[in-house]
Amino acid sequence: MKILITAPRLNALAVGEAYTATMLLREVSKLADVTVLAFETRRGPPLAEQLPECTVVTFDEPNWTRINERLSSMLKISLFVFNGHVRRWMQAHGAEYDLAHHILPRAPRYPTPLRKGRVPYVIGSLGGALPTPAAFAPEAQGAQWFTRLRALDGLRFRYDPWLRASYTGAELVMGVAPYMRDVLADVPLRRFEPFLGIGVADLEPETVRDTPAGQLKMLHVGRAVRTKGLRDVVRALSHLKDHPEVTLTSIGDGEELEACRAEAEALGVADRVSFLGRLPRAQIEDHYKAADALVYPSFRESMGAVLYEAMRWSLPVVTVRAGGPDYIIDDTCGLKVDVTTPQQMPQDLARCITTLAADPALRQRLGQAGRAKLAAEALWPLKAQKLMQIYQDTLADASRR
């Protein structure tokens, strides 16, 4: 099978979607004939060296497309340039391929250049587009102004002809979790399928923890923004005044960090919280190993790679019934709470935390099940095999049509 991949940015030395897509393509290229169209990397080895089993075609990204890093990430001005390169390249070479895959960007607000070609194509996995729950919106006002442009996504799914044509023309649209089907409910899709495009390269040795009942070392890892739920975990501690040996370590930096410090002081739990800020990867791994549970009530999370990181270390997870976390975590490997209000959710988290603190055997059981879940479905070779099956099914559907 000859597969054409379009992804403006790929880099195994990056983080986020650029990293996960690169790791996935390394494995897919062992199973199929893969050609990749992308911008050349700006940091690290050339992309052709990072994807040695792919045919790599790269374009130069103009410097003017890089503004503020966060603003560039949101607006993706460089996509206009990239899509033009892809359209011109496909006019000359597109007919050589069985299937094309618009694998990045993952956000659903950007049209694909593949819609103007003659090759059957797949989009995704798409993620994001989750709104901030109304009850939490007043506390999430500190985000930068351009992040509010996400509110236009729903209107564009209904009325933007170019964006709609991208999806209606696709043989398959994949979402990082089932909720994406609801996000795209106003667009008539030929087929939708959830496929979580993140994975793990390996698993840590099964970790047995000996923290006694009544004690619990909680860990929260993520950018310190309101939607990641760090403030809710701090508030949960205030409902656990009779559990003084339940503590929290926070790793991550951002505009919410000082507000969380102030909240911990105001609630009288500052002596039980360690705010470590941004740390190197090796140190983060040490904290996963030392913790007893990951508490990550991120209420606008499309995926949740942090959950996979914790499960690699046999950690039980406390999270929310929303977005990607609700798809990743089931009753065998974690506890979940509903996204309700800033007053109620910390109380619900406190109940879950109390349950884990009181029962070391439950912690061990949930952690072992999470690690086994990754072993069964999340290693990169398994992810690649699953994607190849999706490709084959998609081509069969296209042939019948």
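Biologist: What makes residues of α1 count as buried?

Modeller: Buried means under 20% relative accessible area, exposed over 50%, partly exposed in between, with a 1.4 Å probe and protein chains only. By that rule A18, T20, A21, T22, M23, L24, L25, E27 and V28 are the buried residues of α1. This is a predicted model, where local features need pLDDT of at least 70, side-chain atom pairs count only at pLDDT 80 or more, and totals for chains, interfaces and linings use all residues. Residues are numbered from 1 along each chain as its sequence is written, and side-chain values use heavy atoms, without hydrogens and water.

Biologist: Why is α1 called mostly covered?

Modeller: Of its 12 residues, 9 are buried. Those buried residues pack against β1 (2-6), β2 (33-39), α2 (47-50) and α15 (380-400). Contact means heavy atoms within 4.5 Å.

Biologist: How do you know that the span of helix α1 agrees with its 12 residues?

Modeller: Helices are DSSP runs of H or I, at least four residues; strands are E, at least two. The expected span is 1.5 Å times one less than the number of residues. For residues 17-28 that gives 16 Å, and the end C-alpha atoms are 16 Å apart, so the two agree.

Biologist: Which residues line the second largest cavity?

Modeller: On a 1 Å grid over the protein atoms alone, a cavity is a set of points where a 1.4 Å probe fits but cannot get out; lining residues have an atom within 4 Å of a point. The lining here is L24, H101, I103, R106, G124, S125, M174, F195 and G197. L24 is also one of the buried residues of α1.

Note on methods. On a 1 Å grid over the protein atoms alone, a cavity is a set of points where a 1.4 Å probe fits but cannot get out, and a pocket is an open set with protein on both sides within 12 Å along at least five of seven lines; lining residues have an atom within 4 Å of a point.
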